[in-house]
Amino acid sequence: MTPDPGPPDRGGAPSAHRGAVPLTKESGPPARDVSAPDLPPGERGRGHRTHRGWSARGITAALVAAVILVAAVAALADVIAVRAGRPAAAWRRHLAAELATRPVDDVWMLTGAAVAAALGVWLIVLALTPGQRRWLPLRSPADCPRVRSFLDRDGAAGLLRDAAMRVPGVGAAHVRMGRHRIRALAEVRFRDPHQVKDDLTAVLGEERDQLGLARPPRIVVRVRQRIH
């Protein structure tokens, strides 16, 4: 998967991700692979059913559970105290008075409602989206569909950048790896910029196909002539 080492990086520091692209594997439900083995590398994986892994979101779940637990314990303790003949806590009496006397269009009421709505929408989004945006799913082996592998997005971008730096005429390159697009910006030191762009697009396409992504992103290349 890792390409052969090229010449030293021209015009930039060596990529920190070179030769160290972390992979993760996890077992999951069988994935339906409808890609044909005789398709070219750039076409394979388009019909693959591999998706991103779902994030556990342990920190978010722990924070929400802690807030609910603290609020529930405080309310329960105050209710037990009232049932035992003691007066209600000052915070509960103050909260009940504010809710009973403040109008609905009060600025604090509207602010509290907006904050509560925003938190609710945020939690719904977290519950309905998989997360794990830094991992790109790879194609599952045909003989082992239960194996799911993921490639680190930053590591993949580093490999593509190293491949771009091997194109003659490229003095510096910056690659951003997205789920749907690979954006490459190259600085041309010599040669015709249009030829460099064509060569860069071809090289990045070959490197992308070697990564084995389930859904190969589209490549968008921009070049600019270096002015001395």
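These exercises work through a predicted model.

**Exercise 1.** Find where the pLDDT stays under 50, and decide how to read that part.

Solution. Start with the whole chain. Its average pLDDT is 75. A score of at least 70 is reached by 72% of the residues. Next, look along the chain. Over residues 1–48, pLDDT stays under 50. The model still has 94 contacts beyond four places in sequence for these residues. Now the reading: where pLDDT is low, predicted coordinates should not be taken in detail.

**Exercise 2.** Check the span of helix H3 against its 22 residues.

Solution. Helix H3 covers residues 107–128. Take 1.5 Å a residue, counting one less than the number of residues. Now go to the start of H3. There, a side-chain oxygen of Asp106 comes to within 2.9 Å of the backbone nitrogen of Trp108.

**Exercise 3.** Trace how strand E5 pairs with E4 and with E6.

Solution. Begin with E4, residues 170–177, and E5, residues 181–188. They pair in the antiparallel sense over 7 bridges. In this pairing, Val175 has Ala184 of E5 as its bridge partner. Between E4 and E5 lie 3 residues, and the two strands form a hairpin.

Turn to E6, residues 218–225. E5 and E6 pair in the parallel sense, over 8 bridges. Arg183 has Val220 of E6 as its bridge partner. To get from E5 to E6, the chain passes through helix H5, residues 193–210. This β-α-β crossover is right-handed.

Key:
Residues numbered from 1 in each chain as written. Predicted model: local features only at pLDDT ≥ 70, side-chain atom pairs only at ≥ 80, totals over all residues. Heavy atoms only, no water. Helix = DSSP H or I, 4+ residues; strand = E, 2+ residues; numbered from the N terminus. Polar contact = N/O pair within 3.5 Å; in protein donor to acceptor, adjacent residues only side chain to side chain. Pairing = 2+ DSSP bridges. Right-handed = clockwise from strand over helix to strand, strands pointing away. pLDDT = per-residue confidence, 0-100. Contact = heavy atoms within 4.5 Å.
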